[in-house]
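Colleague: I would like to go through this model with you, one question at a time. Please show it first.

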Amino acid sequence: MVGLIIRVSDLFDAPLDFHPTRQLHSALIARGMYYQTLENAPEWQREMSFKQWQAEGLIEPQIMERLTTFIYQLFGSEILWAARLWAILFWMVGGIFLFLITEEIADFAAGTFAVIFYMVWPYAAVASRAFQPEPLLIASMIMSIWAFIKWMNNQKVSWAILAGILSGFSIYVKFSALFFLAPAFVSVVIQRYGYKDFLKKKHIWIIGTLSILPHLVYLFYGVVVLGTLGEQFGFRFFPQRWIRPLFYLQWILELDSTIDFVIVLAAVLGITLFTRKKYFSLLAGFLLGYVLYGFVFSYHITTHDYYHLPLIIPVSIGLGIILGKIFNISERNRVITKLVFTLAALFFIGINAWEIRSTLSRCDYSEEVNSWEMVGEKLGHEAKVIGLFPDYGYRLAYWGWTHVSSWTTSDDITLRELAGHEIDLQSGLKDRISEFDYFIVANQEEFENQAFLKEFFESNFLKKEEVGDIIIYDLRAGVE
């Protein structure tokens, strides 16, 4: 209940509290879907929302966007907070199955401690409200593991089918699920049947086929039919980072900002020391999958904290196991043990709930939304805009209803240099801006870093206007 209450607090604020680029990407897609169903909407809005939707391209299946559009249609309004409700719902469902898994692996006390951490850890609380696939991904992976454990314990074909379906859905939601579920499941079947015999088992083929088939169909549709999904695999794989010590330091620091590194180590100890062999294989395989995932996505694992979010599953379970073990072997009077653990749990829940509530209520993005709406009105919705933005111009595109292109940032340059591309922004500057009407500066730090850019615009173009910290250069009006 506390987990639900803290997540619905500050429900109606704009989704700028957690990776706004990723959330507004989904918001533009959902709006595009919704406006195509509105016969009474202005034609220019229907046309622009469709173009913005299509410009976002195809990454994962647009499940969250479709579900959010359904709520829009149900209420007859574009209520952006509907996406948060879906995300929260999925996370809550995941918590139920997380308890069932941990109780099966250990006992009731371990399941309780696991759910406490899963529900009130501050990073997880904020991430689980986001308009992106991760809340659904986490919930579906937890349900997949639960169904697989059921199959492990009774070997019924019905559980094999359910485990395959749920795993297939997880991998369909986001392909990264394969990195975690495949090593976890394969570790168990090899431990049980051996390297030579596990492929002879019919149930293994059922689970494997159902797990990968949905994504293969989606991959065929995106790459062969649409011809656009293949573009998403660029700028992902950088094995040259593996030999750099800095890579491992950045990885650990990014992990620590998501889930405290000491808590991760405690969870690993719980899994290693107090878990039966078959469950150890499952959880150790999941952790191995996380390591493989980090090496494959060696850039994103050090820059995108939500790439660590799947680790919340084994960490919650491992932490629950070790706390449950301490609870059960305590030599103190049982009444005192229960009292101490109850007070400690309530303190942990209370202090984290207060932190989450304070973090969410501290931010009010209504003024920023108004600023972007104002900028959109000043520029005109037919204007072609390029600029330096903190999130590639998504705020202006969404609230300003404007066609936006983002100027290359330092992070973009770093990523392309890792891929072996040579970047020369100065030589192509005039050609790049020639087709645009305005240049917007909404990222002052980046503007200062690219000194040649600041000098060029201040010398050659007039400032049309300033809205707060946002500077608008009119590319159609040069300095005389």
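Colleague: Is tyrosine 293 buried or exposed?

Modeller: This is a predicted model. Buried means under 20% relative accessible area. Tyrosine 293 has 3% relative accessibility, so this residue counts as buried.

Colleague: And tyrosine 307, buried or exposed?

Modeller: The relative accessible area of tyrosine 307 is 7%. The cut-off for buried is under 20%. Tyrosine 307 is therefore buried.

Colleague: How many aromatic pairs are there, and what kind is the pair of tyrosine 293 and tyrosine 307?

Modeller: The count comes to 45 aromatic pairs. In the pair of tyrosine 293 and tyrosine 307, the ring centres are 5.7 Å apart and the planes stand at 15°. Planes under 30 degrees apart count as stacked. So this pair is stacked.

Colleague: Which parts does that pair tie together, and how many residues apart are they in sequence?

Modeller: Tyrosine 293 belongs to helix α14 (residues 277–296). Tyrosine 307 sits in the loop between α14 and α15 (312–329). The pair therefore ties together parts whose separation in sequence is 14 residues.

Colleague: Which residues do ring pairs link into a cluster with Tyr293 and Tyr307?

Modeller: The cluster is held by ring pairs and includes Tyr293 and Tyr307.

Colleague: Which ring does the charged end of arginine 31 sit over? And arginine 334?

Modeller: For arginine 334, the charged end is 4.8 Å from the centre of the ring of phenylalanine 327 and sits over that ring. For arginine 31, the distance to the ring centre is 3.7 Å, and the ring below the charged end is that of tryptophan 401.

Colleague: Which residues of strand β3 are buried on each side?

Modeller: In a regular strand, side chains alternate between the two faces of the sheet. Strand β3 (residues 438–441) is covered on both faces. One side has Tyr438 and Ile440 buried; the other has Phe439 and Val441.

Colleague: How many bridges join strand β1 to β3, and which residue stands opposite valine 441?

Modeller: Strand β1 (residues 384–388) runs parallel to β3, and 4 bridges join them. Opposite valine 441 in β3 stands leucine 388.

Colleague: Where is leucine 226 found, and what is its relative accessible area?

Modeller: Leucine 226 is in helix α11 (residues 202–226). Leucine 226 is partly exposed because its relative accessible area is 40%.

Conventions:
Residues numbered from 1 in each chain as written. Predicted model: local features only at pLDDT ≥ 70, side-chain atom pairs only at ≥ 80, totals over all residues. Heavy atoms only, no water. Helix = DSSP H or I, 4+ residues; strand = E, 2+ residues; numbered from the N terminus. Buried < 20%, exposed > 50% of the residue type's maximum accessible area, 1.4 Å probe, protein only. Pairing = 2+ DSSP bridges. Phe/Tyr/Trp six-rings, centres within 6.5 Å; stacked < 30°, edge-to-face > 60°. Lys NZ or Arg CZ within 6 Å of the ring centre and 35° of its normal.
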